Amino acid sequence: MYGFEMMTFNVQGGFLEAIVRGHRSSLLTAADYNNLCQCETLDDVKMHLSSTEYGSYLQNEPSPLHTATIVEKCTLKLVDEYKKMLCQATEPMSTFLEYITYSHMIDNVVLIVTGTLHERDVHELLEKCHPLGMFDSIATLAVAQNMRELYRLVLVDTPLAPYFSECITSEDLDDMNIEIMRNTLYKAYLEDFYKFCQSLGGATAEIMSDLLAFEADRRAVNITINSIGTELIRDDRRRLYSNFGLLYPYGHEELALCEDVEQVRGALEKYPGYQSIFAKMSYGESQLLDKAFYEEEVKRLCLTFEQQFHYAVFFSYIRLREQEIRNLMWISECVAQNQKSRVHDSVVFIF
Amino acid sequence: METMKDEDGTILKFLDTMDNYLILFDSLSSTLRQGWLDLASARHSMGSSRISTALLNLKEHSASTVVRVNDETINETSGMEPHFTLRKWRTCEDKTNPIEEEEDVQGLLKQPSLNLRHRGFSETKEASNEPLVSVDDQVQKERSKALSVFGALVSPKLRSAQISFETVLETLIDIANARSVMLSTFEQLQQMKEQSN
């Protein structure tokens, strides 16, 4: 139910909504991507990006450039924009903006724990962490031996603490336990974010419910495909799916039983929203599934800007920027590997 | 007359082995390119934090794949013996009994003196995106274990990259053996030339 946001939203959120709409207009267009796809070297990519908002972040980078450097500097721009918005946000917008970063926090926790298990240096791991997911005591993660210690020593004082209740055990951390921990945390985070958005009500609740439901469904499909042929049993796989979304609960029951990509297709083609995704792929062609999901996500994210006076525009902007960074990463890799014929395999145009 | 026939046969054999060597190089190049692109694709799909050199395991562990060098002498009746063999996915517990049989390259390299290879028909593994035809369960487990440094649930693209790089290792061994055969055939030719002079 919409609740007269038009009358009250601009008091607290009007300035930041204007800022994020301004940022949205600086996203790269199809013409920019066409120019980038024709670059011969990474220095050419840098030259083309110098006329965009990434220019100031890349201008001081020396040659030869690496793909990782381009991605790092573009991410830095996103982080700067996010922090400027966060420091000017009031409740509940500030909580909403913080929720957006919890997924990166989970990725960083798993990176540190996995790297420590493999006897890597903590400083090297901290450099690889996503800047949006950093928190004060992150380096202390390296001392934990099992999940109980992980929670007690470090995570109890972080926003991820409530998500740990379902995965606290005294078992030592190993690759499978860490993977289950990652997916269990992410499941709990998505459900919590969904409840928070529902509590906000109005346009935010309606639009964010759709976006988060899509995210939950996409996760379920990825977990299913990635677990085919592994030791993950069906019950464990089922437990990793979120308890909301278009596929919940009957689609999840079918996905849990899938043994190959064609069975996944069969399970999802019953849902009109996902029929169009599989219609783009011929039988046996699973390589384009990621791109098809990203295209669908971008379509939904762009539609959020058609409506005003809600927080979903902030979520959409961050996600669109991340998609743009993924596009730039892919273009840079194809240029660096001299595989320009494959550049359109994974680039998703936003405009 | 007999000597000329032998010499012609040896020249043809040398040219055949050189052709095989060049084809293997092409195959290596295209398989490597596919492998690197698949790896980039996996990083695009899973995220840079999940596919990163920072996750590689620094704990001490024995090599899962080894190359054995054999110093075999040339046998005039049965043909050339391969100098290099690849043992893939050896377990730590059973180093003397590899899970996967040695690559049988003898069938590939043994060539009767007048048996010409036709261009376009390759006996080697071409650059291919398809998984190996017959895969033992244990080998699959070892493959999954090797990939588990990046997490237990990885993208099919990462698995595809692993298969490509595994094919590259096999091709490198084929190249080493082809080069060995090529060089020994060349030596034979030179000896024949000296004798005829």
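Which side chain does R239(A) meet in a salt bridge?

Modeller: A word first: this is a predicted model. The side chain of R239(A) meets that of D236(A) in a salt bridge. The N to O distance is 2.6 Å. A salt bridge here needs a side-chain nitrogen of Lys or Arg within 4 Å of a carboxyl oxygen of Asp or Glu, so this pair qualifies.

Now place the pair. Both residues sit in helix α11 of chain A, which covers residues 234-240. R239(A) and D236(A) are 3 residues apart, and that is about one turn of the helix. Over all chains, the same rule gives a count of 31 salt bridges.

Stay in chain A for a helix pair. Helix α13 of chain A covers residues 261-268, and helix α14 of chain A covers residues 272-279. Their axes come within 9 Å and cross at roughly 140°. Angles over 145 degrees would count as roughly antiparallel. α13(A) and α14(A) are therefore oblique to each other. From α13(A), the contact takes V264(A), R265(A) and L268(A). From α14(A), it takes Y274(A), Q275(A) and F278(A). By class, this contact has 4 nonpolar, 1 polar and 1 charged residues.

Next, the interface of chain B and chain A. Chain A gives 36 residues to the contact, and chain B gives 29 residues. The area buried between these chains is about 3100 Å². Carbon and sulfur atoms give 53% of that area. On the side of chain B, L37(B), H44(B) and L153(B) lose the most area to chain A. Together they make up 25% of what that side buries.

The rule finds 3 across the interface of chain B and chain A. In one of them, the side chain of R50(B) meets that of E179(A), at 3.3 Å from N to O. Polar contacts between chain B and chain A come to 16 residue pairs, with both residues at pLDDT 80 or more.

Which helices of chain B take part? α1 (2-46) and α4 (156-196) of chain B each supply at least two residues of the side that touches chain A. The largest share of that side, 9 residues, comes from α1(B). By class, the side of chain B that touches chain A has 12 nonpolar, 11 polar and 6 charged residues.

Notes: Residues are numbered from 1 along each chain as its sequence is written. Chains are lettered from A and ligands numbered from 1 in the order in which they are written. This is a predicted model: local features need pLDDT of at least 70, side-chain atom pairs count only at pLDDT 80 or more; totals for chains, interfaces and linings use all residues. Side-chain values use heavy atoms; hydrogens and water are left out. Contact means heavy atoms within 4.5 Å. Buried area is the accessible area (1.4 Å probe) that two parts lose on being put together, summed over both. A polar contact is a pair of N or O atoms within 3.5 Å; within protein, one must be able to donate a hydrogen and the other to accept it, and residues adjacent in sequence count only if both atoms are side-chain atoms. Helices (H or I, at least four residues) and strands (E, at least two) are DSSP runs, numbered from the N terminus. Ala, Val, Leu, Ile, Met, Phe, Trp, Tyr, Cys and Pro count as nonpolar, Asp, Glu, Lys and Arg as charged, and the others, Gly among them, as polar. Axes are lines fitted to C-alpha atoms, for helices over the stretch in contact, and angles run from 0 to 180 degrees between N-to-C directions. Angles under 35 degrees count as roughly parallel, over 145 as roughly antiparallel, 65 to 115 as roughly perpendicular and the rest as oblique.
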